[in-house]
Amino acid sequence: MMQRNSTNRSDMLVMGLGLLTVAVLTLGIFMAFVYAPSDLAQGNAQRIFYVHVPMAWLAYLAMAVVFVGSVGYMWKRSARMDRLARSSAELGFLFTTLVLITGSLWGRPIWNAWWQWEARLTTTLILWFIFIGYFMVRAYAGDRERGARYAAVLGIIGAIDVPIIHQSVTWWRTLHPEPIVLDTGGPNLPDSMLATLLVCLAGFTLLYAYLMVQKTRIETVRDALAERELTALFAPESETLDRRPVAPVSRNVSGAAED
Amino acid sequence: MDDNLGYLFAAFAVTWLAIAGYLLYIGQQVKGLRDEMQLLDDGDDAAT
C-alpha cells in the first residue's frame, strides 16, 4: 500500500515535470521565432542558435552525468550508477547527433560549407564516436558486468573531451565563434536574445531531466527482469515450482521501484 | 536572406522529429517490458 502511494506520488511528479517541460519549451519556441530579433548579419539562420546551443549544453551535461555514473560504478560497483551512466549515454548520443546536424544546417548558409575539419567540430565529432564506442564495448564485452566495467572506463576517459571541446575555440584558430554567453567579460549579446536563449536552455534541460527519469526507470525494470529470469533459469526445478521467483517487479513500468 | 528560412525550418524540424522519435522509442520499450512482465507473471501463476 505504501509502495503504491509512493509510486503514485512519483508518477505525479514525473507528469508535473513533463508538463513543465512542455510549457517552458513552448515559451522558448515562441520567443525564438517572435520575441527575439533577427540578426542583422545572419538573418533567420541565426535563430538556429536557440536550438543548437541547448543541444551542445545537453551533450556536455549528458557526458558529465556519464562521468559521474562511471566513477560511481567503478568505485562502488553500484548497478544504480551504471544505469545512470548508460541512460545518460543514450541521451548524450541523441543530443550530440543533434548538435552536429543543427550546426551543419547553420554552417551551410553562413560558412557556405556543411562541414569543416576545424577544432570545435572535430572534437564534437569525437564525442559522438565516444558515445557510440560506449555502447559498442557494452555489446561486445561478453557478459554484463564486464561490459559495464569497460563502458565505465570509456565514460571516465571520454569525459576529458568535454573541456577540450569547450576550450577548442580559444586554444586553436577555428571558424566556430568564441563563447558569447560564457565570455569572460559577461554575455556578449542583446538582452532579448539572451533571455530567449536562457528560456530555451531551461526548457531543454527540463526535457533532459524528464527523459533521464523515464530512461532510468526502464533500465531499472530491465535489470530486475534480467535478474528474475536468470534466477528462474538457474534455480533447482523444485524451487521454481515451490517458490515465486525473486526480485518482485512492479507491474507499472513507469512507477518501477528503485533497488 | 529569405533562403535561410529553409535552414532554420530544417534545424527545428530535425530536432523535434528526433526528440519525438526518441519518445516513441521509449514508449515501445515500456510496452515491451510490460508484456515481458505479464508473461513472467503468467508463468509464475501457472507454476503455483
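Predicted model: local features only at pLDDT ≥ 70, side-chain atom pairs only at ≥ 80, totals over all residues.

Reader: Does S87(A) count as buried or exposed?
Author: A residue counts as buried when its relative accessible area is under 20%. The relative accessibility of S87(A) is 0%, and therefore S87(A) counts as buried.

Reader: Which backbone oxygen does the side chain of S87(A) reach, and which residues is S87(A) in contact with once its neighbours within four places in sequence are left aside?
Author: With those sequence neighbours left aside, the contacts of S87(A) are M212(A), K215(A), T216(A) and E219(A). As for the side chain of S87(A), at 2.7 Å it reaches the backbone oxygen of R83(A).

Reader: Where in chain A does R77(A) lie, and is R77(A) buried, partly exposed or exposed?
Author: R77(A) belongs to the loop that runs between helix 2 (49-76) and helix 3 of chain A. Partly exposed covers what falls between the limits of under 20% for buried and over 50% for exposed. Because the relative accessible area of R77(A) is 41%, R77(A) is partly exposed.

Reader: Which residues does R77(A) touch, not counting those up to four places away in sequence, and how far apart in space are R77(A) and R149(A), C-alpha to C-alpha?
Author: On that count R77(A) touches G72(A), E145(A) and R149(A), while its side chain also reaches the backbone oxygen of M74(A) at 3.3 Å. Along the sequence, R77(A) and R149(A) are 72 residues apart, but their C-alpha to C-alpha distance in space is 8.7 Å.

Reader: What is the secondary structure of chain A, and what share of its 259 residues is buried?
Author: Chain A has eight helices and zero strands, which read along the sequence as α-α-α-α-α-α-α-α. Among contacts in chain A with a separation of 6 or more, 74% join residues 24 or more positions apart. Of the 259 residues in chain A, the buried share is 46%.

Reader: How many helices does chain B have, and what does its C-alpha trace span along its principal axes?
Author: Chain B has 48 residues, of which 31% count as buried. Its secondary structure comes to one helix and zero strands. Along the principal axes, the C-alpha trace of chain B spans about 70 × 5 × 5 Å.

Reader: What area is buried between chain B and chain A?
Author: The size of an interface is often given as the accessible area lost when the parts come together. Here 30 residues of chain B are in contact with 45 residues of chain A, and in chain B the residues that lose the most area to chain A are Y7(B), Y22(B) and M37(B), together 19% of what that side buries. Carbon and sulfur atoms give 71% of the area buried between the two chains, which is about 3,400 Å².

Reader: How many salt bridges and how many residue pairs in polar contact are there between chain B and chain A?
Author: The side of chain B that touches chain A divides into 20 nonpolar, five polar and five charged residues. Across the interface of chain B and chain A, the number of salt bridges found is zero. Counting pairs with both residues at pLDDT 80 or more, the residue pairs in polar contact between chain B and chain A number three.

Technical notes
Residues numbered from 1 in each chain as written. Chains lettered and ligands numbered in written order. Heavy atoms only, no water. Contact = heavy atoms within 4.5 Å. Buried area = accessible area lost by both parts, 1.4 Å probe. Salt bridge = Lys/Arg side-chain N within 4 Å of Asp/Glu carboxyl O. Polar contact = N/O pair within 3.5 Å; in protein donor to acceptor, adjacent residues only side chain to side chain. Nonpolar A, V, L, I, M, F, W, Y, C, P; charged D, E, K, R; others polar. Buried < 20%, exposed > 50% of the residue type's maximum accessible area, 1.4 Å probe, protein only. Helix = DSSP H or I, 4+ residues; strand = E, 2+ residues; numbered from the N terminus.
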